[in-house]
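Biologist: I would like to learn how to read a structure, feature by feature. Can we go through one together?

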Amino acid sequence: GRPYRHIGVLGTSKLYVIRNQIFTFTPQFIDQHQFYLALDNRMIVEMLRTDLAYLFCCWKMTGRPTVTFPITKSMLLEDGSDIDPNILCTLRKLQDGYFGGARIKTGKLSEFLITSCYTHLSFLDPGPDGFLLDDYLSEDSGSRNDDVEEAVSVHNSCYKNDDTVDSQDELVQYINHLLQSTTPVSKRLPPTSTNPGMHHVFEAEHTTRDIISLVAKAKGLELPNASMYLPVKVPITQQKPLNLLEVPKSHPVKKLDHRVDLSLPKDAHGEIDIASLVEQLKECLTLQDQADILYILYVIKGPDWDTNIGGQSCATVRSLMTELYSTAGQNRDWGLIRYISGMLRKRIEILAEACTSLLSHQKQLTIGLPPEPREQTITTPLPPNELTQLIYEASGQDISLAVLTQEIMVYLAMYIRTEPGLFAEMLRLRIGLIIQVMATELAYSLSCSGEEASEHLMNLSPSDMKKLLHHILSGKEFGVEKSVQAFDSAAISPVISIHEVGNTGATKTERTGISKLKSEMKQRCSGPSSPIATASPIGSFCTRLTWDDRQGQWLRRRRLDGAINRVPMGFYQKVWKVLRKCHGLSIDGYVLPSSTTKEMTPQEIKFAVHVESILNHVPQPEYRQLLVETIQVLTVLADVEVHSIGGVICVDHIVHMANEYFLQDQKSLGASDSLLELDAATRVCNLFYDSAPSGSYGTMTYLTKAVSTYVQEFLPSTGCFMQ
């Protein structure tokens, strides 16, 4: 009768005795079937370090915790000659005896039988009738059987066979059934075509969103008109982005035409020709084409529809997608993995725990792309199924966005436990807006369009996605490396990786000289005529680049702070004092009345959330941050000994007044019209967004001047209170 709950590392670090047999369980974070994070070896290392640190702090039971860590095929190099360097480095650290802040001892399971913690599951002993779990294994309760399979979550079990155990025993059958779920799936999906004369199933170049829009239109569904990037202009400068490894000219990056004309095959009655789509699965040149066709079949016919492809029975859409998911996982095609995970409605097992962890730190969550009502707010913990359903509903028809939202939520929970200082003065975490800013950051770093940046974002590995999120939260600069990778015989896709940047504007590997050596080696093995090395499917053309131009630094800072809703220290308490001396603050057409101060106290979280909700109506994060800076200047008036500073203060008007003062000074200095270009949405100069707060031409100077002019009639006639 217990509800399904995630089996944490405390539960999997014990040995279990069932009918005098010893069972051990692997941690859930290495389960590749439940979610794709375990397909990234660097993420496995991160989650192992986190779990060991948690065990070190929270283990209170008798005996030592025993973590079973199997080395699987996915942890090997592509040729199988050696272990992945990240895993190998971790194993060496484990053998050294110290990892994740805890003392570690490695060895075989048989060596730890004496010192490990044991739990006897006596309730699994057979009853007088010899049956167990008969309510779940009956023929008329298949759905409940699936629930138990998910709840037990046995990934790899070490079970000692005993001839005395009845082969028809219910527990043995159940364990064998679970072990069979981890075996490789049978090959029902036809391989990609290697015929050079074949064409793509969809003649026009397209993105995943184009296919989603096409199917939504065919089904009469409404696709929200929202983009995964902010509508800002990306400056194309002569200077190249930081640490960018350009793709050679012989392998140009695919240019995406987003005015494509895609169409589905029709039969004689004008309906979608399903049989033709199934036949086209055999003619696909790439795995992406197969995924697109399976998505169309998934939406139109459902996941349990039997395709009967190749005359095979039980070749349902779900089984074909599962097989394609496994193939994409072997290729590390992260964009395709997220695409298929969305179709399979995969859910991170620790999703509900991650949401609860963020809420327990007094942070609210919003999911979905802004603005409201598409953006949904989460203020209380939710059950796993209900939370997953809410995420998919808020994401509309964009299944990849729903999967990425889960991923970002888990990363935020990881960081709030390990680095809570990153979330200082942040009340609401808007995951949709954070995703938009991440795509916009990639667009600036790669000097590409927003659509291409969104595709690059989806193709980031989980570890690089987590690293990029950290840079967004901390405001640190990051470097981008771009290379090409051949996923199959017909698809060569750009691969983006994120690197930390130091104060000198170079990555850590560049400061040690390793990057220069790698660059020379790659240039020797990858000439213009043969840009892809024979030893590896990854080839790149490296150039050493530096970044001396600081243009866009303050625009980026305001955009990041606005996206993550970061405000100055004591901001909400100062707003409460300002409201005591006026009738209200008007922000983007919404009024924050002074009567709020009679209902709430300055230190009350409810008041801070109310102010935050008004600011969140502003869709542009950099403009939102300028409004915060303006209110910060207004809070100076709270300390002035005046009874009132006006009626309803229009904060937007003050910002535009400051912008006009800035434009007048810049024009007097001879600035050109192209340099003083205005943002189309807010009518604020882009150079004003990119100005430092301090200095004679800083934003605070002009905002202070604008505030003084706006409230001048309410200030005392004697004394100078505003400089």
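**Reading the model**

Modeller: Val651 is buried, with a relative accessible area of 0%. Buried means under 20% relative accessible area, exposed over 50%, and partly exposed in between, using a 1.4 Å probe and protein chains only. This is a predicted model: local features need pLDDT of at least 70, side-chain atom pairs count only at pLDDT 80 or more, and totals for chains, interfaces and linings use all residues. Residues are numbered from 1 along each chain as its sequence is written, and side-chain values use heavy atoms, with hydrogens and water left out.

Biologist: Where is Val651?

Modeller: Val651 is in helix α25, residues 651-668. Helices (H or I, at least four residues) and strands (E, at least two) are DSSP runs, numbered from the N terminus.

Biologist: Leaving aside neighbours within four places in sequence, which residues is Val651 in contact with?

Modeller: Contact means heavy atoms within 4.5 Å. Beyond those neighbours, Val651 touches Leu585, Ser586, Ile587, Leu627, Thr630, Ile631 and Leu634. Leu626 is 25 residues from Val651 in sequence, and their C-alpha atoms are 9.7 Å apart.

Biologist: How are two packed helices described?

Modeller: By the angle between their axes and the distance between the axes. Axes are lines fitted to C-alpha atoms, for helices over the stretch in contact, and angles run from 0 to 180 degrees between N-to-C directions. Take α21 (residues 571-579) and α23 (residues 605-615): their axes come within 10 Å and cross at roughly 85°. The two helices are therefore roughly perpendicular to each other. Angles of 65 to 115 degrees count as that; under 35 is roughly parallel, over 145 roughly antiparallel, and the rest oblique.

Biologist: Which residues of α21 and α23 make the contact?

Modeller: From α21 come Phe571, Tyr572, Val575, Trp576 and Leu579; from α23 come Phe607, Ala608, Val611, Glu612 and Leu615.

Biologist: What does phi tell me?

Modeller: Most residues other than glycine have a negative phi. Gln362 is not a glycine, yet has a positive phi of about 60°. Gln362 lies in the loop between α12 (351-360) and β6 (364-367). At 54% relative accessibility, Gln362 counts as exposed.

Biologist: Which strands are joined to β6 by bridges?

Modeller: Two strands pair if DSSP finds at least two bridges between them. Three bridges join β6 to β8 (residues 428-430), and these strands run parallel. Three bridges also join β6 to β7 (residues 376-378), running antiparallel. Gln364 has Arg428 as its bridge partner in β8, while Ile367 has Gln376 in β7.
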